[in-house]
Amino acid sequence: MELSTKAIGEVVHPTAAFYHPSSGTQENPDSLEPPSPTDCARGSSWRTSLLNPKNRIDSLDLPWKPLWRVDGCAGLGTQYYVIPLFLERIPPVRMDVFVSDFQPTFIREQLELDRAFHTKDGVRLPRLAIARHIVRILQRWTTDEFRDLASFETFYKGVPFGSRLVLENMSLDTRQVRVKVGLNHNLEHKLLPISTLASFWGDEFPFPRVIDFFDLHVISVLHDSVCLVQIEGQLCIFKALTSGAKYLYHELKTLCTVEPHPNIIARPLHIVTKRCNFGTKKAVAGFTTFYHSKGTLRDVLPLLRAHGRLGQVDQLKWSIQLTEALKHLQTRSGTYYPDLRLDNIVLSETSDIVMVDFEQRGVWCEFAAPEVNAIEYIHLIAIDEHVPLPVSEKYRKLLQQLVPTYESLEGERYTNPEDGFNLPWIALSVAEQEAAEVYMLGRVLWCIFEGVSGPQKAAVWQSYRWEPDIEFPQYRKTPTAMRTLIDKCTRGRRDTLSDVVTRRHSQLLLTTKAPHEQSAADVKETAKRFWSAELEVAEKFLKLRDEQRRKGEWNDNYYQRPTLTQVLESLKAFRNETS
């Protein structure tokens, strides 16, 4: 089965439990193995065959002096970060390129759209055909549509923040592709001025120094919400969101008020404001933080391991620092951290860990603790438009029982909620939140001691430059004492979808059959059975929790995991034994 945004609802998310083929359509019973060139050339299939010269790209060579660069990808292969290289100073306008996921097979294959679904980083993504094709399209568009490069600069600096370049009529011939500019006035309308934030947070709120949007010069786009920028000769991280500004303001508030800790990202350096196109509003578009050039543990761990430089001293140091930081957030700042994964842990210049990303959105589906997943599954089905109405109504009622105010938190506007917008974590007590953090900590400790980039070999959502060769909870390199600790931290863990359906290169395949023995319908049916069983378990767990809470009998540490304090004691004891 090909990897596309459609596969999320049909296979990857628990919505797959309610998947039904659309009426009037028939599932393709053919094997997932691609047809042979001879078969493709027969009869009416010649129109879409790759043997037909009309269906082949004439060139993917970059222009001699490219005007644009592609830095990465988001949106499951539909959003591409692009930079105009010819501007002397590049403001962080974040005018990304958007490509529809619904393309003919011959276009998907030649432009490698399936690979772009899970390839996001700035090293591998620019090598893909789609990235090179985008550069060629934008080269033609820039030279054809603008009188000169100076007029483009005027245009670029005048569009609303987060505007889009939408590629319509996608073709292998760059001359046939239309570039439509989507001006994102809606986003700027939702951005708030400092005065409004001060009315939420109080006149005494410790706002960082304010600088203007156009004082920033983009060096590269690192993530859909993060740019590396230069300000007055200093490299910084610029954090901004082109959708969901409410999460940006929640993170800004958290970082400005959390008690400092050496292993938590420092207070923002600047607030970045931009004058909006309509009216005189000067709104907060983002903020800047320190840049840690050594990168994330996701990339560092497998690289150190490959070169034989991943030592137990560093592994224990990072594990202890991470646990201390989590404990600090809980006890000294009264907040939770639902985003614990290797991508959100960077290394400082002294090779100490620093936790980043405090939007509190949470991790990917299935990556959290089972009690968090149970609520998230309910949430995903309750808000999905493609689930049958009686089903979504049932799950909305369950969600309302868990979080009575959930509808007000689902809106797009920032409302200054005390605990953020993460419904599953808001539904948990403080003790339950700590137990869920310990679960995620256990998985991160496993990655640290195994020296891998993630807990799954082939995560559907994202591939890595160095893919894991082992999957949690298998062990190869982790010391025995740490295996025992990790197993305690991850008590209650369940089988995952990857046990039955996995990503192999850019296909979703059953783990139990050879590729030529299965079809896309087989994959969907297997996912449907898996998610139906998981939802049954989730509902039973939440029903038991509700009944026992009403009686005052519920144990907030239901799976009997160690506390953060106990994890820290175990790590330090092991360090002392082995030093």
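A cavity is a set of grid points where a 1.4 Å probe fits but cannot get out. In this predicted model, the largest cavity has a volume of about 150 Å³. A search of the whole structure turns up 5 cavities of 30 Å³ or more.

**The largest cavity**
- The lining of the largest cavity is made of 15 residues.
- Closest to its centre are Leu340, Arg341, Leu342, Phe367 and Pro455.
- By class, the lining of the largest cavity holds 10 nonpolar, 2 polar and 3 charged residues.

**The second largest cavity**
- The second largest cavity has a volume of about 110 Å³.
- It is lined by 14 residues, and those closest to its centre are Val12, Glu366, Gln456, Val460 and Trp461.
- Strand S14 (residues 501–504) gives the largest share of this lining, with 3 residues.
- The lining of the second largest cavity divides into 9 nonpolar, 3 polar and 2 charged residues.

**Thr119**
- Thr119 sits in the loop between helix H4 (113–118) and helix H5 (129–145).
- Thr119 counts as buried because its relative accessibility is 3%, and buried means under 20%.
- A polar atom of the Thr119 side chain lies 2.8 Å from the backbone oxygen of Arg115.
- Leaving out residues up to four places away in sequence, Thr119 touches Cys73, Arg124, Leu125, Leu128 and Ser463.

Definitions and conventions
Residues are numbered from 1 along each chain as its sequence is written. This is a predicted model: local features need pLDDT of at least 70, side-chain atom pairs count only at pLDDT 80 or more; totals for chains, interfaces and linings use all residues. Side-chain values use heavy atoms; hydrogens and water are left out. Helices (H or I, at least four residues) and strands (E, at least two) are DSSP runs, numbered from the N terminus. Buried means under 20% relative accessible area, exposed over 50%, partly exposed in between (1.4 Å probe, protein chains only). A polar contact is a pair of N or O atoms within 3.5 Å; within protein, one must be able to donate a hydrogen and the other to accept it, and residues adjacent in sequence count only if both atoms are side-chain atoms. Contact means heavy atoms within 4.5 Å. On a 1 Å grid over the protein atoms alone, a cavity is a set of points where a 1.4 Å probe fits but cannot get out, and a pocket is an open set with protein on both sides within 12 Å along at least five of seven lines; lining residues have an atom within 4 Å of a point. Grid points are joined across faces, edges and corners, and a volume is the space filled by probe spheres set on the points. Ala, Val, Leu, Ile, Met, Phe, Trp, Tyr, Cys and Pro count as nonpolar, Asp, Glu, Lys and Arg as charged, and the others, Gly among them, as polar.
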